[in-house]
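Work through the exercises below with the model open beside you. Try each task before reading its solution.

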Amino acid sequence: MWGILGRRAVDGGLSASSLRRMRSGLVSARSYAAGSKEMTVRDALNSAIDEEMSADPKVFVMGEEVGQYQGAYKITKGLLEKYGPERVYDTPITEAGFTGIGVGAAYAGLKPVVEFMTFNFSMQAIDHIINSAAKSNYMSAGQINVPIVCRGPKGAAAGVGAQHSQCYAAWYASVPGLKVLAPYSAEDARGLLKAAIRDPDPVVFLENELLYGESFPISEEALDSSFCLPIGKAKIEREGKDVTITTFSKMVGFALKAAEKLAEEGISAEVINLRSIRPLDRATINASVRKTSRLVTVEEGFPQHGVCAEICASVVEESFSYLDAPAERIAGADVPMPYSANLERLALPQVEDIVRAAKRACFRSK
């Protein structure tokens, strides 16, 4: 249960082969509906916003550089030209200001999609997100809905330092009144963002910058404008019988790569893509653990009070008697994110960490 730094010797740096392995961990072993079409996560998000704006005139976008610059990561590309400045608002650099405006607009019945250039900057707006958006429905006895989506990248990118690298999944998922989603694939991104925009409650939508340019197979069903994924439902990306691996966002790719390596050693791993952090699909997680009798949880965030910790608690509470080994928790190191590339890698979960944890759970460690 220690941070990654406590489990691994310091590496001298990242080799080219290491970088290739990290990249392959993002995109390998996908279990999607068969189809020849592919879509990047960036295009999936863009198309979801576009279609929802087209279908509902109450939907609008606001944030820093979302209009003229077409978004810091080009998620809002083409929207200003198509819908005009009345529905695509470029804001000043004031997260507290434009998030407060977004919450007020949601009070009035509009459906704002607020972009944070990085979720690290959402700390400037956390009072509006939590005290205003998350609590208003309860405090008004159900009379006020706040249909706002706060979206943007979270977690580590590459060499951007401690103030731009934090995962906020556990922070926001601890708050009643919020829904917290974290997509992995293009299909996740399209279906979950559409669900978030249509939802009557505030949604925190956590993306990953390193996944924006990744292409994923996508089904014809997911390309339909009516496509929507249910909030609160996880996806079993790979079925297995020996150990359950739960994770979300970029780490799903790492878990799938780990499952491939484990299969080479005769270990059948079941990989669960959480998709929804709050509400958490405890039923799917516990059903899997009751089948495999072993659990490995993975996240990029800090280990203390994290998503992994909540999953471990849920399994202990609901499925303890089914466990044949202690639950394994793989999280980021319990330190601010280092800037140095080799230390950054040591501070984050890697494929080999997941493999070692699964082998320990299966009593295969050397």
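The exercises cover cysteines, a sheet, a pocket and some backbone angles.

This is a predicted model, in which local features need pLDDT of at least 70 and side-chain atom pairs count only at pLDDT 80 or more, while totals for chains, interfaces and linings use all residues. Residues are numbered from 1 along each chain as its sequence is written, and side-chain values use heavy atoms, with hydrogens and water left out.

**Exercise 1.** State how many disulfides the structure holds, and examine Cys 167.

Solution. Step 1: a disulfide is a covalent bond between the sulfur atoms of two cysteines. Here the criterion is a pair of cysteine sulfur atoms within 2.5 Å. Step 2: the closest cysteine sulfur to that of Cys 167 belongs to Cys 308, at 9.8 Å, which is too far for a bond. Step 3: the count for the structure is 0 disulfides. Step 4: Cys 167 is buried, at 9% relative accessibility (buried means under 20% relative accessible area, exposed over 50%, partly exposed in between, with a 1.4 Å probe and protein chains only).

**Exercise 2.** Give the strand order of the open sheet and find its edges.

Solution. Step 1: strands (E, at least two residues) and helices (H or I, at least four) are DSSP runs, numbered from the N terminus. Two strands pair if DSSP finds at least two bridges between them. Step 2: the 7 strands run in the order E3-E2-E4-E5-E7-E6-E12, with mixed pairing. Step 3: E3 (88-90) and E12 (276-278) are the edge strands, each pairing on one side only. Step 4: inside the order, E4 (residues 111-115) and E5 (residues 149-153) are parallel and share 3 bridges.

**Exercise 3.** Which element gives the most residues to the lining of the second largest pocket?

Solution. Step 1: on a 1 Å grid over the protein atoms alone, a pocket is an open set of points where a 1.4 Å probe fits, with protein on both sides within 12 Å along at least five of seven lines; lining residues have an atom within 4 Å of a point. Step 2: this pocket has 13 lining residues, and those nearest its centre include Ile 277 and Arg 282. Step 3: H7 (169-173), E12 and H12 (307-319) each supply at least two lining residues. Step 4: H12 gives the most, with 3 residues.

**Exercise 4.** Describe the backbone at Pro 279 and Glu 65.

Solution. Step 1: the peptide bond from Arg 278 to Pro 279 is cis, with omega near 0 degrees. Step 2: Glu 65, not a glycine, has a positive phi of about 65 degrees. Step 3: Glu 65 is partly exposed, with a relative accessible area of 37%.
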